[in-house]
Amino acid sequence: MLYFSNLKIFSVLAVIIITLLFAVPNFFGKDQLETFPNFFPKQQVNLGLDLQGGSHLLLEVDTEEIIKERVENLNADVRRVLKKNNLNYSNFKVSNESLKFIVEGFNSEIQKEISELSMSNSQNILAMGDQTNLIITQEENTVQINFTEEFIKQSVSNAVAQSLEIVRRRIDELGTREPSIQRQGSSRIIIQLPGIDDPDRIKSLLGQTAKLTFQLVDTSVNFDPFNPSKAPIGSEILASDADEEFKYIVKKRIMVGGENLIDAQPGFDPQTNEPIVSFRFDRIGATKFGRVTQQNVGKPFAIVLDNKVISAPVIREAILGGSGQISGGFDSEEANDLAILLRAGALPAPLIILEERSVGPDLGADSIEAGQFAAIIGFIAVIIFMIFVYRYFGLLADIALIINLFMVLGVLSLFQATLTLPGIAGIILTIGMAVDANVLIFERVKEEIRNGSNMINAVENGYKRALSTILDANITTLIAAIILFFMASGPVRGFSITLAIGIFTSVFTAFTFTRLLISLNAKRLKPNFVGLSKNA
Amino acid sequence: MLNISGTQINFLKVRVITFILSAILIFLSIGAFFVNGLNFGIDFKGGTLIEIETSQEIEISGLRDNLNTLELGDVQVQEFGSSKNLLIRVEQQLGGDQVQQDVVQIVKDSLGSYLSTDINFRRTEVVGPKVSGELIQSGAIAIFVAVFAMLVYIWFRFEWQFSLGAVLALVHDVILTIGVFCITQLEFNLPIIAAILTIVGYSMNDTVVVYDRVRENLRKYRSKEITDLLNLSINDTLSRTIVTSVTTLLALLSLFIFGGEVIKGFTFAMIWGVIVGTYSSIFVAAPLLRYLDVKREWNTTSAVDSTR
């Protein structure tokens, strides 16, 4: 085990030097790195949000809301078909996922008509090759209509994909530094925002679905805005955005919707100097908007955002150019955010914030400093202890330990793994545990000497016999680290990464580097080099 | 010069005492689990945690009284490392995930009007009921999976007797670690689960080294009495067990003292786990083999023993 061919020596040193090179950039500033030659690695360790400061948000798309909306659409479709065929229905029940009603004369013709209408209204959701999205069952006069499970799944999946895109657009508009936005599982979105420790503005931007509609105010009834009576059929009572207590009665029919917007920009009204948002419709939106304003001059037109009336200006003249402006007593930040929301588009369903973890930059910096200090002290303590116990061999193990530490750093930089606070703890733990492989070997060597072997044979056999123990012992820790990696997310995951890297580098250095050092001095080794008394 | 080599301590002689000690500790741990329970942090209980740093010292009880008038339920305020660093915990609000988000703003507003000093918000964590439920579940699953994986690995590498002995020692360590958190009422959060998993790995690592030697000695001394053989194996590996435990503890102690307040609980769990894991490898895992009827006829031509 002590013989190294030149090729072996070369490859061991090459692996170590290359890994160490990758650790080097971490000890220089970004500006200094610029001056390094091109072949030199420049990647630094990726710091987790808990070390560099930043905000982590876990959101969930409210999938119930999506299904509810689908069922509502289906409800409207079914009633329309029944009405068209002059069928009288009763006991119409809308539950979470199905419709149920009693009707006479329901036949396969009507069934087909409902299916076709529902299919044509959900074209954008259906997967290729879907024959139907409905399951219609009939028992005598009782009819029940459900969506197929596949369709529900597809709807949710589409909505989540769409939400992801809109979340990305909204956050990009704010110009945050390198945000990471990822889908997690079936209906969740993880957002990582480095450098942001107070995500209030982002949370409020994401907390709105931003569904914009233009609806006519119902002027057929006189009512007290602070105590409205029941709305007439076809109209609804909506609160004012500025004052919850102030109500409007608005016609339910949506004249134009936010989906027809192509641009929205914040600005100032030239006359009043009040912050406004000006918007522009696409061709279809412009035509619709033109027609409505033309037909309703002199009437108030409500601009509704997420079921709240922003304002309800009176139409002074037909607006045919397809652009307009919203003023609703906002300040300039509110106008800016509203413009962002309108440009990014409406979310298909509300987002619920499940988890928020934000760390300020101070705490992160303090953590790094404390971690570094603890690492240095722990390191010195281990080094002294090893020399105390194993003398010359201890010194070799210490050299290996130093190399080992830099290799962990190098591997972290090379793979751009994220270093977190628990990750630093993992490195410090590695300092303590990395010497284990060498300890196992040295103890074996001592034993061999006591059993009468000469020094060279003792070292030979020490390595040979310790090998399987070292592998078994390290594989158990590695199993724990792997399980932790898959179970955890965020900072704790960083711990499992450094722990696992530490296991590999420590076994590697023990079996190559320390062994190489020992073999180079093989002829001069004496029992007291490993901590035994001279005459053992 | 430190020399622990060549000891001949009769570890198995005290096995009755150590088994009783372990049994008492396990009993205490389980008792504390049902009487005190774990003091779950917001990772597992849900709720809001805010760490602030102020420019002047704050009178905690006054701040606590003030925050408790906000009708947010139980609000805890405690010093965190220094008298200018405070940790504020607000219990989970009724009404699902969305309501939890309002708490931060309410507390921030209240702090702003109550305290006249500058406030630096160092950390804000809000965990809703859905996530906390999932985290506790996945944490428990992870520990079970880890223990089970060890069982399988040791079974694969050794014999079922060893596997059973090792896993009993492992369960012993996990119970005592959870127990110490029940008794001290230190906060039990996500990093503690990570610590327990690492303890599982570490304790197993220690046990494997002793067991490896037991297996080797079983091949070497075919007629040696099992108690003597186990004693010999523990003594053979004792020096290594102690050296590795000391180096690991040195590193962990440094982290505990200098590593900052945020990971103190984690480091405490690790230190405790290393001590318990070392103890259990010597006084639980190895002596247990005496009762598990280990196989004596090992194939002497296996790789490990090929030189002799």
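Mentor: A residue is called buried if 20 or more other C-beta atoms lie within 10 Å of its own, exposed if 12 or fewer do, and partly exposed in between, with C-beta atoms placed from the backbone. The model is predicted, so local features need pLDDT of at least 70 and side-chain atom pairs count only at pLDDT 80 or more, whereas totals for chains, interfaces and linings use all residues. Residues are numbered from 1 along each chain as its sequence is written, and chains are lettered from A and ligands numbered from 1 in the order in which they are written.

Trainee: Is S122(A) buried or exposed?

Mentor: S122(A) counts as buried, because 21 C-beta neighbours lie inside 10 Å. Helices (H or I, at least four residues) and strands (E, at least two) are DSSP runs, numbered from the N terminus. In these terms, S122(A) sits in the loop between α5 (108–121) and β5 (134–139) of chain A.

Trainee: How should I read a value of phi, and what is phi of N273(A)?

Mentor: Most residues other than glycine have a negative phi. N273(A) has a positive phi, near 65 degrees. This residue belongs to the loop between β13 (261–268) and β14 (275–281) of chain A, and N273(A) counts as exposed because it has 8 C-beta neighbours inside 10 Å. R391(A) also has a positive phi, near 50 degrees. R391(A) lies in helix α10 (residues 361–414) of chain A and, with 18 C-beta neighbours inside 10 Å, counts as partly exposed.

Trainee: Which residues of helix α8(A) are buried?

Mentor: An α-helix has 3.6 residues a turn, so residues three or four places apart point the same way. In α8(A), the buried residues are G285(A), A286(A), F289(A) and T293(A). They line one face of the helix, because they fall within an arc of 95 degrees seen down the axis of α8(A); the arc is that of the directions from the helix axis to the C-beta atoms. The face turned away from this buried side carries the exposed residues R283(A), I284(A) and Q295(A).

Trainee: Against what do the buried residues of α8(A) pack?

Mentor: They pack against β12 (256–257), β13 and β14 of chain A. Two residues are in contact if their C-beta atoms, placed from the backbone, lie within 7 Å.

Trainee: How many residues of chain A are in contact with chain B?

Mentor: Contact joins 64 residues of chain A to 62 residues of chain B. On the side of chain A that touches chain B, the elements giving two or more residues are β18 (351–359), α10, α11 (421–450), α12 (455–487) and α13 (491–520) of chain A. The most comes from α12(A), with 16 residues. By type, the residues of this side are 37 nonpolar, 12 polar and 15 charged. Here Ala, Val, Leu, Ile, Met, Phe, Trp, Tyr, Cys and Pro count as nonpolar, Asp, Glu, Lys and Arg as charged, and the others, Gly among them, as polar.

Trainee: Which strand of chain B is joined to β18(A)?

Mentor: Two strands pair if DSSP finds at least two bridges between them. β18(A) runs antiparallel to strand β5 (residues 119–127) of chain B, and 5 bridges join them. Within β5(B), T124(B) is the bridge partner of S358(A).
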